[in-house]
Amino acid sequence: MRATARPDLTAARGRVVALAEQRGQDPERVLAVERLSRLSGVEPTRIPRVLAGTAAELPLYERVHQRFLRLRATRRDKHGREWPLAAIAEDFDAPGASLGPLNAGTGLPRLGHAAGVQRFFGVYAGFLLADSKSAVERALATSGSSPTGSATGGADDLEHLSYLTGITPQAIRLTLDGNPPRIPLKEQVRLRFEHLRRTRPREDGQPHSLSAIAGSFDASGQSLTRLAQGEGLPNLAAAAGIQRFYGVEAGFLLADDAEALAAALAEIERELESAERPAENPMLAVMRAHDVRSIVTRAGKLSPGGWKSLADHLDDLLAREGQLGRPAEGEAP
């Protein structure tokens, strides 16, 4: 989904508030700034402005630096201390000094290091890369989702899941069965990039050129040649640019198969819930859009004859506004 087409955060927050109230939970606790910050990696002081759409986006290097510091501050070891850089880097066979620039905010990590950091802390694959709006949007979705809910209805649509994740239908079936294929990060990123170019072409049906993709983040097409040929990984800025160009989630190139599939199923589940909501209670949208509580309270005191008069009057008003539907063919008026 293109960044410009993402749901409005204010509306997303409203849906979470409504969902929390339906489940008897306190919306203020569900949407506490510290909780949203922990889930998204966005600094607590920025959350209100991001929700309001008034926060300027941070440069990539600063955003990644702040997210890393947020991970260390909110996900500590069993003694309550921040994990040392050496322990984090050791998890993906790198020296602790390789994370020094990231910790100090003086440079970006390699793509493999970014993947390793996210895996170490158990956060989603786009945690370090996601822009603030995407990160908060994901946090809102996480806050409003049921911990015991499962995504059904779209799990068998392998082609659709393949489009969303960049995973082949065969690999999806294996992943759903609990046996996700293990492939090197370099090969995974190449396959995902190839999938994006194949499934999201230009209007004329041809893949976007490497030059057009790279030009969107002020790089040359040659910078993506090695990636397209499977000879190397892009740097972190290029990975972020590719994902932004195609409008996919910030972790699309990095997520392992199980995580990518889980995100796709969650998206389908949200779509299904959104589609079902009006059908389940068509009056709910009306009641949310209009303040009808006082009218309903007073109408409850009417006699049967009063109810009929009220219904007739509503029909008159609807007819005057051109909103009164005609009876269907064969249906009694």
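I began with Phe68. Leaving aside neighbours within four places in sequence, I found Phe68 in contact with Leu85, Ile88, Leu99, Leu102, Asn103, Val117, Phe121 and Leu128. Contact here means heavy atoms within 4.5 Å.

I noted the ground rules next. This is a predicted model, where local features need pLDDT of at least 70, side-chain atom pairs count only at pLDDT 80 or more, and totals for chains, interfaces and linings use all residues. Residues are numbered from 1 along each chain as its sequence is written, and side-chain values use heavy atoms, with hydrogens and water left out.

**Entry: Phe68**

Where does Phe68 sit? I placed Phe68 in helix H5. Helices are DSSP runs of H or I with at least four residues, strands are E runs of at least two, and both are numbered from the N terminus. Is Phe68 buried or exposed? Phe68 has 0% relative accessibility, so Phe68 counts as buried. The cut-offs for relative accessible area are under 20% for buried, over 50% for exposed, and in between for partly exposed (1.4 Å probe, protein chains only). Phe68 and Val117 lie 49 residues apart in sequence, and their C-alpha atoms are 8.3 Å apart in space.

**Entry: the whole protein**

I counted 19 helices and zero strands. Of the 333 residues, 37% are buried. Residues 24 or more positions apart account for 65% of them. The accessible surface comes to about 19300 Å², and 52% of that belongs to carbon and sulfur atoms. These areas come from the Shrake-Rupley method with a 1.4 Å probe; for residues, only the protein chains shown count as cover.

**Entry: salt bridges**

How many salt bridges does the structure hold? I found seven. A salt bridge is a side-chain nitrogen of Lys or Arg within 4 Å of a carboxyl oxygen of Asp or Glu.

I looked up Arg70 and Glu34. Their closest N and O atoms are 3.0 Å apart. This pair links distant parts of the chain: Arg70 is in helix H5 (residues 60-74), Glu34 is in helix H3 (residues 33-40), and they are 36 residues apart. Arg70 is buried, at 12% relative accessibility. Glu34 is partly exposed, at 48%.

I turned to Glu57 and Arg63. Their side chains meet in a salt bridge of 3.4 Å, N to O. Glu57 is partly exposed at 39%. Arg63 is buried at 7%.

Next came Glu194 and Arg198, which form a salt bridge of 3.9 Å, N to O. They are four residues apart in helix H12 (residues 185-199), so about one helical turn separates them. Salt bridges that share partners join Glu187, Arg190, Glu194 and Arg198 into one network. Glu194 is partly exposed at 37%. Arg198 is exposed at 53%.

**Entry: H10 against H11**

At what angle do helix H10 (residues 158-165) and helix H11 (residues 169-176) pack? I read about 100°, with the axes 9 Å apart. Axes are lines fitted to C-alpha atoms, for helices over the stretch in contact, and angles run from 0 to 180 degrees between N-to-C directions. H10 and H11 are therefore roughly perpendicular to each other. That label covers 65 to 115 degrees; under 35 is roughly parallel, over 145 roughly antiparallel, and the rest oblique.

I listed the residues that make the contact. H10 gives Leu158, Glu159, Leu161, Ser162 and Thr165, while H11 gives Pro169, Ile172, Arg173 and Leu176.
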